[in-house]
Amino acid sequence: MKQFICECKKVKGKLLTVLIPVMGIICLWLLWIAHDPTDDRRSCGYTYTATSLLVLNAIFLSTTVAVVASRLMDMENKGNTYKLLCTLQKKSGIFSCKLLLAVLHLLLFFASETAVVYAIGRLVGYTESFPVRSFLRLQGVGLLTSVLLMILQMFFSLWLQNQLYPLFIGLIGSFIGLFSMFFPAGSLPLYFCPWSYFTLGSCSIMVWDEATKTTSFVPVAFDVPGFCILLALTVISYLAVRRYFLRKEV
């Protein structure tokens, strides 16, 4: 607990200064999408918003996670103070506390995002009942994917001395995550790219009918094998990066 409190004091709100602006941009985007809805849009407002939120998370979170990971590792990397810290703290505890702090911030981010969607729905008068299970699936997969990316970005920040390179990797990952949405659900290439796992949270596909000028939503079955691969990759990545950190020369 002391190590975790120490880590919180070192961060001094730096992670919030990254996450809050991103949350603000997403909120404004969602408000713009939801403004002046038609009766048809009100009847499926939360489902439509969930589809839009999936795209927004895939675009913004890959880069955001890279910035958060860089902020977590930047102080020790710049001052090369890992050796000093290891004389006072357990080496394994340093990595675990940093990751735990990041996960808690991500959990707060996704909870706040869901609350914002619900508030917007109440504000503009959505008649659709709030789909709790759909948002648990969307945000749960988003959180787990973000944790996987956080672990990988922490590795890049440890491995690469120049912290611009991990940020470039996160930026490229954002484009890859967006491009992956053009693949059909369950496509094999999706399982080989960590940034594409946001798509597993999709609960429905939006279909536009040109003849009737209406939008419909087709439910998407939950990709259980894909989720199991995501879970396994997260655990394996954590063990591998933690081992790398413990073996790293400081």
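Predicted model: local features only at pLDDT ≥ 70, side-chain atom pairs only at ≥ 80, totals over all residues.
Trainee: What is the overall make-up of the protein in helices and strands?

Mentor: The protein contains nine helices and two strands. Their order along the sequence is α-α-α-α-α-α-α-α-β-β-α. Of its 250 residues, 48% count as buried. The protein exposes about 13,200 Å², and carbon and sulfur atoms supply 70% of that area.

Trainee: What share of the contacts between residues at least 6 apart in sequence joins residues at least 24 apart?

Mentor: That share is 80%.

Trainee: Why is Thr199 called buried?

Mentor: The relative accessible area of Thr199 is 18%. Thr199 lies in the loop between helix H8 (164-179) and strand S1 (204-209). Leaving aside residues up to four places away in sequence, Thr199 touches Leu54, Ser180, Met181 and Leu190.

Trainee: Why is Phe179 called exposed?

Mentor: Phe179 has a relative accessible area of 52%. The term exposed requires over 50%, and therefore Phe179, at 52%, qualifies. This residue, Phe179, is found in helix H8. Phe179 and Ala58 are 121 residues apart in sequence, and their C-alpha atoms are 9.6 Å apart in space.

Trainee: How do you know that the span of H7 agrees with expectation?

Mentor: H7 has 28 residues, which at 1.5 Å a residue should span 40 Å. The end C-alpha atoms of H7 are 40 Å apart, so the two values agree. H7 is also mostly covered, with 21 of its 28 residues buried.

Trainee: What is the corresponding result for H9?

Mentor: Helix H9 (residues 224-247) has 24 residues and reaches 35 Å from its first C-alpha to its last, close to the expected 34 Å. The buried residues in H9 include Gly226, Leu230, Thr234, Ser237, Val241 and Phe245. An α-helix has 3.6 residues a turn, so residues three or four places apart point the same way.

Trainee: What makes Asp223 a cap of H9?

Mentor: A side-chain oxygen of Asp223 lies 3.0 Å from the backbone nitrogen of Gly226, at the N-terminal end of H9. The cut-off for a polar contact is 3.5 Å, so the 3.0 Å separation is within it.

Trainee: Which residues have the most contacts inside the largest nonpolar core?

Mentor: They are Ile26, Leu72, Phe109 and Met150, in a core of 49 residues. The elements that give two or more residues to this core are helix H2 (14-34), helix H4 (45-79), helix H6 (91-124), helix H7 (132-159) and H9. H4 gives the most, with 13 residues. A second, separate core has 10 residues, including Val141, Leu144, Leu148 and Leu230. In soluble globular proteins, nonpolar side chains tend to be buried together.

Trainee: Which residues does Met150 touch, not counting residues up to four places away in sequence?

Mentor: Met150 touches Val65, Val68, Ala69, Leu72, Leu99, Ala102 and Leu106.

Trainee: Why are Cys27 and Cys193 called buried?

Mentor: The relative accessible area is 17% for Cys27 and 13% for Cys193. Both values are under 20%, and therefore Cys27 and Cys193 are buried.

Trainee: How many disulfides does a search of the whole structure find?

Mentor: The search finds zero disulfides.

Notes:
Residues numbered from 1 in each chain as written. Heavy atoms only, no water. Helix = DSSP H or I, 4+ residues; strand = E, 2+ residues; numbered from the N terminus. Buried < 20%, exposed > 50% of the residue type's maximum accessible area, 1.4 Å probe, protein only. Contact = heavy atoms within 4.5 Å. Areas by Shrake-Rupley, 256 points an atom, 1.4 Å probe, with all protein chains shown as cover. Expected span 1.5 Å × (residues − 1). Polar contact = N/O pair within 3.5 Å; in protein donor to acceptor, adjacent residues only side chain to side chain. Core = buried A, V, L, I, M, F, W, Y, C linked by side-chain atoms within 4.5 Å. Disulfide = S-S within 2.5 Å.
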